[in-house]
Amino acid sequence: MFYQGLKSTLYCKLLKALYGCVQASKLWYNKLTKFLREEGYEPSPTDPCVMRKLTKDGIFLLVIYVDDILVFVSEAETERLKDAFIKKFRWITMEVGSAHSYLGMQIVLEDGCVKIDMRNFIDKLLLNCEETNLKACSSPAGKDIFTVDAKAQVLDEKARRLFHTTVAKLLYLTKRARPDIMTAIGFLCTRVTKATTQDRQKLRRVLGYLKGTVEWILTLRRDDWKRLEAFIDAAFAAHHDAKSHTGVALFLGKALVYAASRKQKCVTKSPTESELVGLTDNIQFVELFAEFLSFITNTPVQVPLIYQ
C-alpha cells in the first residue's frame with residue numbers, strides 16, 4: 001500500500017480478488033469448476049458454464065451463472081452435492097422441487113415439458129418503465145420498424161437513460177422467454193445512444209404488445225430430441241443503409257431452443273446473396289449446438305437439417 005501523485009491517491013495490492021474486480025469472475029469460475037471437477041463433473045467444450053457427470057444412474061447436469069447454479073440430478077446426488085458445497089464453502093442456499101425461480105424466470109418442470117414463465121418480470125417492467133396510457137397492440141412492431149426519421153427530436157438525457165434501461169431489460173426478456181419481440185428489440189438496441197421520439201413510440205408499441213400478451217408462457221415440449229432443425233431466412237436490403245436482415249429459429253424436435261434476428265454486417269447485391277450471407281453467418285452455430293447436444297446427452301445426434 002502506498003501513496004502517489006499530488007492528490008495522494010491510495011493504491012492497494014489485493015491478496016484476494018474482491019467482488020467487482022476485473023479478474024474476480026474468472027478467478028471465481030476457476031475455483032468453482034476446480035471443485036466441481038473433483039466431484040466428477042466436466043465442462044462442455046462449447047459452453048464451459050454447463051457441466052455434466054456420467055453415472056450408472058444417468059447423466060447429471062449443472063448450469064452455472066456466476067454463483068447461481070441450476071442443477072439437474074437425482075435426489076441422492078442432490079444431498080451429496082449439498083454436503084460437498086457446505087464443506088467447501090461453509091454455507092449455501094438450495095431450493096429443491098419441480099418449480100424454481102432462477103434469474104427472473106419461473107421454471108416449471110412438468111411431465112413431458114418445461115415452462116419458462118416471466119410474467120412477473122414483465123409486470124415489474126411495465127410498472128417501472130414510466131410509460132402511461134399504453135394501448136394493447138396486436139404485434140410488437142409495424143412496417144416502419146427499421147425506418148429512421150432524421151428529423152425526429154432527440155430525447156433528453158434522463159429520457160434516453162430510461163429508454164436504454166427499458167430496452168436492455170427487454171433484451172434479457174426476449175433472449176429467454178419472448179422471442180416474438182426479438183426483431184423489434186434488436187433494432188431498438190442500436191438506438192440506445194441516440195434515441196429519438198420516434199424510437200420511443202416504437203418502444204411504446206412493444207410495451208403495449210407485452211401488456212396484451214403478458215400471460216404468454218414459453219413451453220418446451222419433449223418430442224424427438226435427436227432431431228435438430230434450423231430455419232434461416234433473410235430480408236434483402238431491409239435497412240436504410242441497404243443492409244439486409246437475418247432471422248434464425250432452431251428447433252429441437254418441436255421445441256424452440258434458440259432464436260436470433262439481426263442486421264447483416266455487409267451490403268449484398270441481391271436477395272440470393274443476402275440468403276447466403278445469412279446462412280454462412282449462422283451455420284457454425286447450428287453445428288456447435290449439435291456438438292453441445294451430443295455432450296449433454298452423451299449420444300450421437302442426427303446431422304442437423306437447415307431450411308432456407
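R90 is found in the loop between α2 (75-89) and β7 (99-102), where helices (H or I, at least four residues) and strands (E, at least two) are DSSP runs numbered from the N terminus. This is a predicted model, in which local features need pLDDT of at least 70 and side-chain atom pairs count only at pLDDT 80 or more, while totals for chains, interfaces and linings use all residues. Residues are numbered from 1 along each chain as its sequence is written, and side-chain values use heavy atoms, with hydrogens and water left out.

R90 is exposed, at 75% relative accessibility; exposed means over 50% relative accessible area, buried under 20%, and partly exposed in between (1.4 Å probe, protein chains only). Together with K16, K31, K34 and K88, R90 forms a positive surface patch. Such a patch is made of residues with over 30% relative accessible area and no salt bridge, like charges being joined within 9 Å; a salt bridge is a side-chain nitrogen of Lys or Arg within 4 Å of a carboxyl oxygen of Asp or Glu.

## Cysteines

The whole structure contains 0 disulfides, a disulfide being a pair of cysteine sulfur atoms within 2.5 Å. C129 is in no disulfide, and the nearest cysteine sulfur, that of C137, is 13 Å away. C129 is buried, with a relative accessible area of 2%, whereas C137 is partly exposed, at 24%.

## Tyr65

Y65 is found in strand β5 (residues 58-65) and counts as partly exposed, at 41% relative accessibility. Y65 and L207 lie 142 residues apart in sequence and 28 Å apart in space, C-alpha to C-alpha.

Methods. Patches are made of residues with over 30% relative accessible area and no salt bridge: like charges are joined within 9 Å, nonpolar side chains (Val, Leu, Ile, Met, Phe, Trp, Tyr) within 5 Å. Accessible areas come from the Shrake-Rupley method with a 1.4 Å probe; for residues, only the protein chains shown count as cover. Lys and Arg count as positive and Asp and Glu as negative; His and the chain ends are not counted. The place of a charge is taken as NZ of Lys, CZ of Arg, CG of Asp or CD of Glu.
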